[in-house]
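Please look at the structure on the screen while I describe its main features.

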Amino acid sequence: AVASMLRTSVGSAWRRVAAPLCAARPNPPRGLAGRDAWSVRAFSAGHDTGNANWMSNKLQKKVAKLRMVDKVRKAAEAGESEAMTLMGAACAMGNQVPTDETEAGRWFLAAAKAGCQTGALAAGIWLLEGRGGLEASAEAAAPHLKVAADHGISRGQTMLGILTLEGTGVEKNAAAAAKLFEKASADNDHIATYNLGVLFQTGRGVAKNPGKGAPMIRKAAVAGVPEAQFTISQWCG
């Protein structure tokens, strides 16, 4: 299993100087940002902004504008897949309805079945983490994450990349994982940037190139990825 790295907290002053810090010491990091990256705290300071890692950028914007939830519920009950996803988000966050992860999971799974890619991402996370009373299953989650990844949702690409690197729920393939991280990183997913940097540092799935990997790790550190920050601190130790 991919090892999760020790989390550390650094101040804003550190972040301002982190990019050029210790550039001459690209020693191999101790591990990847792994399963802990699937928790609600993931993707930099998501817990500070109220964003959860099961929400695509598109869904975040829609939830921010969500008003009249009764109309959304009617549309969801009529089979509109995006409305189903919105209802799931409302239930998950307690937005105008009682917080209910079981009901959220029901809506997310229905939305994914109806072809909503943002719903597929959320459904994948619910299944991966066993939320809302669902049985935790990487095998069940992977097809939903693949739908999200195939439609360009960076968080789906990152999570599917981690599963693919581990061989958890899908066939193990480091090269395929690297490609997924590369796509997500290009869309500014900082967990993916860090993980891709580690692959270049260690030569997993790509040709070993510490000179290419180190700047990625520094970039992720500046963006707030704790695992990257810890790696930088070890380079400076």
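Predicted model: local features only at pLDDT ≥ 70, side-chain atom pairs only at ≥ 80, totals over all residues.

Of the 237 residues in the chain, 50% are buried.

Turning to contacts in the chain with a separation of 6 or more, 58% of them are accounted for by residues 24 or more positions apart.

Let us now consider how some of the helices pack. I begin with helix α10, residues 174-186, and α11, which pack at an angle of about 140° with their axes 8 Å apart. That angle makes α10 oblique to α11, since an angle has to be over 145 degrees to count as roughly antiparallel. The crossing of these two helices, α10 and α11, is left-handed. On the α10 side, the residues in contact are Ala174, Ala178, Phe181, Glu182, Ala184 and Ser185, and they meet Ala192, Thr193, Asn195, Leu196 and Leu199 in α11. Sorted by class, this contact of α10 with α11 has seven nonpolar, three polar and one charged residues.

How are helix α11 and helix α12 packed, and how far apart are their axes? Helix α11, residues 190-202, and helix α12, residues 210-223, pack at an angle of about 155°, and their axes are 7 Å apart. These two helices, α11 and α12, are therefore roughly antiparallel to each other. Here too the crossing is described by its hand: α11 passes α12 in a left-handed crossing. From α11, the residues involved are His190, Thr193, Tyr194, Leu196, Gly197, Val198, Phe200 and Gln201; in α12 they meet Pro210, Lys212, Gly213, Ala214, Met216, Ile217, Lys219, Ala220 and Ala223. By class, the contact of α11 with α12 has ten nonpolar, five polar and two charged residues.

I now turn to individual residues. Is Met159 buried or exposed? Met159 is found in helix α9, residues 154-166. Its relative accessibility is 0%, so Met159 counts as buried. Along the chain, Met159 and Ile125 are 34 residues apart, and their C-alpha atoms are separated by 8.9 Å.

Glu135 gives us a residue in a loop, the one between α7 (117-129) and α8 (138-150). With a relative accessible area of 68%, Glu135 is exposed. Leaving aside residues up to four places away in sequence, Glu135 touches Leu127 and Gly130.

Finally, a word about the backbone. Most residues other than glycine have a negative phi. Which value does Gln96 have? Gln96 is not a glycine, yet its phi is positive, at about 70°. This residue, Gln96, lies in the loop between α5 (81-93) and α6 (101-113), and Gln96 is partly exposed, with a relative accessible area of 44%.

Asn188 also has a positive phi, near 65°, in a residue other than glycine. Asn188 lies in the loop between α10 and α11, the two helices whose axes are 8 Å apart. At 52% relative accessibility, Asn188 counts as exposed, because the cut-off for that class is over 50%.

Thank you for your attention.

Key. Residues numbered from 1 in each chain as written. Heavy atoms only, no water. Axes fitted to C-alpha atoms, helices over the stretch in contact; angles between N-to-C directions. Helix = DSSP H or I, 4+ residues; strand = E, 2+ residues; numbered from the N terminus. Parallel < 35°, antiparallel > 145°, perpendicular 65-115°, else oblique. Left-handed = near helix turned anticlockwise from the far one by under 90°. Contact = heavy atoms within 4.5 Å. Nonpolar A, V, L, I, M, F, W, Y, C, P; charged D, E, K, R; others polar. Buried < 20%, exposed > 50% of the residue type's maximum accessible area, 1.4 Å probe, protein only.
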